[in-house]
Amino acid sequence: MRLDKTKQGWWKDAVFYQIYPKSFQDTTGNGTGDLRGIISRLDYLENLGIDGIWLSPVCRSPQVDNGYDISDYCDIDPIYGTLADMEELIREAKKRGISIILDLVLNHCSDQHPWFLDAKKGPESPYYDYFIWRDAPNDLDSVFGGSAWTYVPELNKWYFHQFAPQQPDLNWENPRLRQALYESIRFWVDKGVEGFRLDVIDQIAKEPDRHITINGPRLDEYLRELSAKVFHPEPLVTVGEAWGADVERAKLHSAPDGSRLSMVFQFQHIGLDQAPGGAKWDIVPLPLVELKRVFAHWQQGLRSSGWNSLFLNNHDLPRTVSRWGNDGQYRVESAKMLATMLHGMAGTPYIYQGEELAMTNIRLRRDQYDDVETHNLFRDRLALGYSEEEILRSVHARGRDNARTPMQWTDGENAGFTTGKPWLPVNENHSFINVEAALADPDSVFYHYQKLIRLRKTMPIFREGDFTLVDPENSKIFAYIRHWEGKQLLVVCNFTAETLAWELPQPFQAARCLIANYPQDCSGLRPYEAAMYYLD
Ligand code: TEU
């Protein structure tokens, strides 16, 4: 079912698919995915049923942070192809009802961007004030470890960077900088791009002297300006990455009048298996009761105003099937369970490449990792006295390269991803986890996602229904009910590898089962069993 994308708010009925282009499909044999590779797989995505692709950055970049360090906002990086390839991708995708959503990295650029190279000449450069310079650093740390300030000896000044030193922060207080960014966004709108994902958008209004990195005082003003000058009145979809968003902020950012963004990615559910006060590397078991509480809070909180994005995976997160499911014996069941849990909710779902195959985490040796964050972690934690094994354990569980291994298309060499040497090792389990096998098996995780996507499109209760937890204190079962115009939808998910006693609550005994990951049998819940029941 194709959506009418000329209507504001079309994205409320959409399902998006994130592509990490470096790892999707190589066509040149250089070991790196490219745009022509994506074009060659559009039929696969159309078959899955998605409405848009969020494409991680493909602009020109030295690739220190895999494209999140942009050196030209209006050109394609040669490793991915050309501007003409991008135009063809937009066109070919559109033919299949698929929009291209670009990843905008507006908080920082690359230290190789001509703006920064010129700024380094000193205060007389017209680009000097595009960046944040100080005579001395303060104690702020960067997200990737180490100080958030780097010294430039020629100027005897320090510049601010919330991420790697090769990613200098842009100074949003400068209206000329903002204007320059808006022009590059228009460039892509004019090319037919139908939306944007805005990288770390809640960090653009930083005020480092006051130790403010997230949710700075001028954030809302900048979002309104962005929307007024570039996004609105086009019916674009815009989703802001906002690690610091609570429900109140998310309502503000995703104002229904279109004056800000369509929605944000919030991360409250993502941090729940992190030790309180620790870093993401310090892991505790997932408290299911908390997970339910957080989802319910967001479902109910954005019901009357604002809009949810629904995701469990992205290119920065470990694979959820390995994290909250079971990537051994119950890989297929638990992947379907997690998908069912998420896709029954109100909001716009995002599927991350390979999630529809239940691709898993990978365990690499230290020297096989690529991610700048992982390398910094080894540097910093070894210095603090951690053993290499301890660090590796954290990286195996949480490292970003878990999500970035090449897409598994076949059981053949390099999983059909490349004929060359892949930039990151291919997971050996491609021998049985791959697209070819998934398409040949009617019970595969792929078809489960395809069905979930179809259900959302045909039944308004998914978009409109309210949300009530069933048995909120149950620490093994995640169940909830959606109500809408006298109709009811029950979603029930067993988060454990045990068989649990459970009975369909009244009045659902008479309900129709819409989707399930086991053959129907209403007594108890089998390991990772999940189902949706509908009563009209
Ligand atoms: O990520 C923002 C961010 O702060 C985290 O996702 C962070 O990278 C991770 O949790 C560290 O553990 C965005 C992009 O999604 C990410 O790929 C980029 O590296 C980062 O911004 C910088 O652009």
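A salt bridge is counted here when a side-chain nitrogen of Lys or Arg lies within 4 Å of a carboxyl oxygen of Asp or Glu, and by that criterion the structure holds 42 salt bridges. The model is a predicted one, in which local features need pLDDT of at least 70 and side-chain atom pairs count only at pLDDT 80 or more, while totals for chains, interfaces and linings use all residues. Residues are numbered from 1 along each chain as its sequence is written, and side-chain values use heavy atoms, with hydrogens and water left out.

Side chains of opposite charge can pair when their charged atoms come close.

Turning to the ligand, 18 residues surround it, the closest being Asp 65, Lys 280, Asp 316, Glu 373 and Arg 400, where a residue is near a molecule if one of its heavy atoms lies within 4 Å of it. Among the polar contacts (pairs of N or O atoms within 3.5 Å), a ligand oxygen lies 2.7 Å from a side-chain N or O atom of Lys 280. The protein buries 94% of the 480 Å² that the ligand exposes when taken alone, the accessible areas coming from the Shrake-Rupley method with a 1.4 Å probe.

Two backbone features remain. Most residues other than glycine have a negative phi, and most peptide bonds are trans. Ala 415, in the loop between α13 (401-404) and α14 (435-440), has a positive phi of about 55 degrees although it is not a glycine. A cis peptide bond, with omega about 0 degrees, joins Gln 506 and Pro 507, and Pro 507 is found in the loop between β16 (487-494) and β17 (512-516).

Definitions and conventions:
A polar contact is a pair of N or O atoms within 3.5 Å; within protein, one must be able to donate a hydrogen and the other to accept it, and residues adjacent in sequence count only if both atoms are side-chain atoms. Helices (H or I, at least four residues) and strands (E, at least two) are DSSP runs, numbered from the N terminus.
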